[in-house]
Amino acid sequence: MESAAVARAVKEVTQGGGGLLLVEGPAGIGKTRLLAQARAAATEAGFYVAAARASELERDFAFGVVRQLFEPLLAGADSAGREALWQGPAAQARRVFTTADPATQPTGDFAVLHGLYWLTANTSQDHPLVLLLDDLQWCDTPSLRYLAYLLPRIEDQGILVAAALRTGEAAGEERLLQQIITDPAATVLRPHPLSARATALLLERELPGAVNPRFAAACHEATGGNPLLLRELARTLTAENVKADTENVTLVRDLGSRAVARMVAARMTRLQEPTIAVARAAAILGGNAGLTNVAALAGQDITTALEAASALERLQILRPEQHGTEMRLAYIHPLVQAAVHDSINHAERTTAHHHAARLLTEAGADPERIAAHLLHVPPAGDPEVVGALQAAAAQAVGRGAPEGAYTYLHRALTEPPGDSQRLQILIGAGQTAVLIDVRAAVEHFQQAYASLQDSNALRRAEIAAQYGAALLYAGRIDECGQVLTDSIAQLPPDEQDLRRRLHAWQVMIVFNLAGHERLRAHVTALHDIPPHASGGGSRLDCALALQEALHGDPRAVSRARRGLGGGDMFEIADTFTSCAMWALISAGAHECDDLISARSGHVHRRGDITALTSVYTERGRVWLDRGHLADAAADLHEALHLMEMTSLQLAGGIIIPYLAESLMEQGLLDQAASALDQLTPPDGAPSTQIAPYFLAAQAQLLHLQGMDEQALHAALDCQDQCAAVGLHNPAFNSWRTWAALSLHHLARTLEARTLAADDLRLARQWGAPRTIGRALRINGLLHNGTEQLDLLQQAITVLERSTARLEHAKALADYGAALRRAGHRRQARPPLHQALDLATRCGATPLADLARTELATAGGRPRHTALTGPDALTPSEHRIAELAASGTTNRQIAQTLYVTPKTVEVHLSSTYRKLGITTRTQLPAALSTP
């Protein structure tokens, strides 16, 4: 059954399919054998096959598995072939495979991942590609992140990832691993143990003489039908001349659980000392260890080491393989390597790893390969070890692998370093830990901050900005406030830039804080600080702009513009750039498109996943406000996927409610409910930071499901949460809308009108057309007769001059319906026709259905609603169509827009249909048609 599934997966790749084939089970169950079948089938079909095996000893080596996959390909290609592989964005991943100069600009994690995706795509351009990954549970975190990024992008691209995962082993990064193995494109195989009958047949083939049924049953029980353990048990029994009869049943039960270790011990005792030394050196070096290094670590010459390797191959312990000009020694199975490694006593293992690090240093090996051995050496106050670990950390940062960098720096601190190095390492460890373990970051920054005492106020304040941010992310709000306040108090009066940087973080505290009126009062006073043309001044303006926007103060827009324009917006920390962007987005500012486009290009080039998550979220919110629902959902799904590859999970509290709203507007209520379920903890109480957005979306969903009593409770809970954090602007949170509509449906219309009137007052105070138009529409729905028609007409007048197409369509539909109910059937038809057209273009199916029904009731005949013409294109379709019209190839478009070639094909097919054309050459004329 499993073999057939493997053959089927390989066949699907020949037909342009792709995805993940995951073989899961305990050690020795046959996972590697199934991968070998996939390799054989793929090779026979003419695919390119790249293989890697993760190692427990090398799980801290950044991109170690990725390098195993692609280094043989890169090494075997000629100059022209290598350049073809590095074509386009793939070049961003070059430093994964080279020892880059630490002084050069580091490559961000997204840039590396995107580069690796295109390296993979380039590899598969001329023939299908199969990536074989054994022992996925030990895969290094950066390589896991590559897989998590790759899998959603390889459907229909002729790329198959076939991976084996050993169950019962602790994974280094469980969250990422779960993201990979639960990918929708995954096919999971779980090989079954051998049956009692199959066990007996195997033993009859492996053992000399007859096999007693009770003996076979004991072997099956002792090994659980595990094929590897059975074979090794059989070999051990043969080597020790144990007969397969009833007298040895008890012995079998003892041997079975230790079959591999017993086998290795038995074979090693018959070897000469040089051969044992080679086996142990190969186990220490791990992976596919080069013969030269193995020989040196074993203290043998090359000839002796080669003879030893041959002897170990005959005993089925090692598997020598030729890689170019180098012979490499790999163990036949990780269990065998572990048995040899564990057979070396602790003191000898430590000495061997230290010796291995020295050998690799002398050979000019990659700093991270050296560091991988130093991690197994106990601290001894060695400055050379500290230096080597720092070099490895710099290398990992340069490759976009903060996890590895943190591991090396944390180990360097235990050496420990000298006083002159300690502060630098503490800060570096804190900066990398922020991305993976914020609590550890707090600890390192705290030590760095405390080490300076009052001796250097400027340096201490610089650290305080990072320390304060880490405390904030860790939820230690009071401590954050105290650190920032103390550091500001110690600054000289003329340090205006740094002072404003620290003030900016004080403002950020208030966004995450309920209560603490003293700090709120202090932050309020910051609004009166004069502008300052510096990085600190820009940060403070950006932070204050968001606070003003949340309060509904229209001065936020000019402050946000000043913050982004007061210097190079790309030099401002992404946290503060996002603050200003949200202020402008909520106001519907005209420059949002240009700012997001520029910001997107910069962040993509810089390659920061966390910043990119913000960009996709911001753009998704813009599309949602404008009624481009499909594009909004696509961007928000991508933001969510990127967020899942980081440790900063709070962003989901913003992304998921917006995603749920985009789904609800499309009528996909079940999908919206599933999305919101991700934010509901077991106790049903979301955290303070995400509660306002979650509760507003929940109120909307409950109202649409017809559960108005529950919707009202959610909306009123949202009111309390918003009040606690000072969120009053209806452009950010629509709880009043859903509370008012639910009250109206519960026949409590007077209460609803009071709430809606307050919403309209706040909307007018803020001044954003979409927010005002929505508030006018809701107020209209709560009144009757002429007053209702007047309010709905006002909503249309405000919205028709805005970019809020969906809200405009809702106002038109409600106005037309009100006219129809008032008996003005003929006058109702034009707004209902327009509402139907707009709703259809937005993809708002429930609204389109409502408009169509109302139009028919009003005696109108709905026009054909197929979307045609340039105006029917979504923003994504329009961008792709314009690039295609200019002569850009699909592959180049995909690289420019950071999407897959398949996405480009799908959008172009939709574009051709909407424009009524069949070829690429017709695009320029079709796009220019009015």
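Which residues does Thr 900 touch, not counting residues up to four places away in sequence? In this predicted model, they are Tyr 117, Arg 153, Gln 157 and Ala 894. Thr 900 sits in the loop that runs between helix H45 (890-897) and helix H46 (901-915). Its relative accessible area is 9%, so Thr 900 is buried, the cut-off being under 20%.

Ser 487 belongs to a helix, H24 (residues 477-490). Leaving out residues up to four places away in sequence, Ser 487 touches Tyr 449, Ala 461, Ala 464 and Leu 502. With Tyr 449 there is also a polar contact of 2.8 Å between the side chains. The table sets out the two residues.

| Residue | Relative accessible area | State |
|---|---|---|
| Thr 900 | 9% | buried |
| Ser 487 | 1% | buried |

Helix H17 covers residues 346-362, 17 residues in total. From first C-alpha to last it reaches 25 Å, close to the 24 Å expected at 1.5 Å a residue. At the start of H17, a side-chain oxygen of Asn 345 comes to within 3.2 Å of the backbone nitrogen of Ala 347. Just after the helix, Gly 364 has a positive phi of about 70°.

The buried residues of H17 are Arg 349, Thr 350, Ala 352, His 353, Ala 356, Ala 357, Leu 359 and Leu 360. An α-helix has 3.6 residues a turn, so residues three or four places apart point the same way. Among the elements that cover the buried residues of H17 are helix H13 (273-285), helix H14 (291-298), helix H16 (334-343) and helix H18 (367-374).

Notes
Residues are numbered from 1 along each chain as its sequence is written. This is a predicted model: local features need pLDDT of at least 70, side-chain atom pairs count only at pLDDT 80 or more; totals for chains, interfaces and linings use all residues. Side-chain values use heavy atoms; hydrogens and water are left out. Helices (H or I, at least four residues) and strands (E, at least two) are DSSP runs, numbered from the N terminus. Buried means under 20% relative accessible area, exposed over 50%, partly exposed in between (1.4 Å probe, protein chains only). Contact means heavy atoms within 4.5 Å. The expected span of a helix is 1.5 Å times one less than its number of residues. A polar contact is a pair of N or O atoms within 3.5 Å; within protein, one must be able to donate a hydrogen and the other to accept it, and residues adjacent in sequence count only if both atoms are side-chain atoms.
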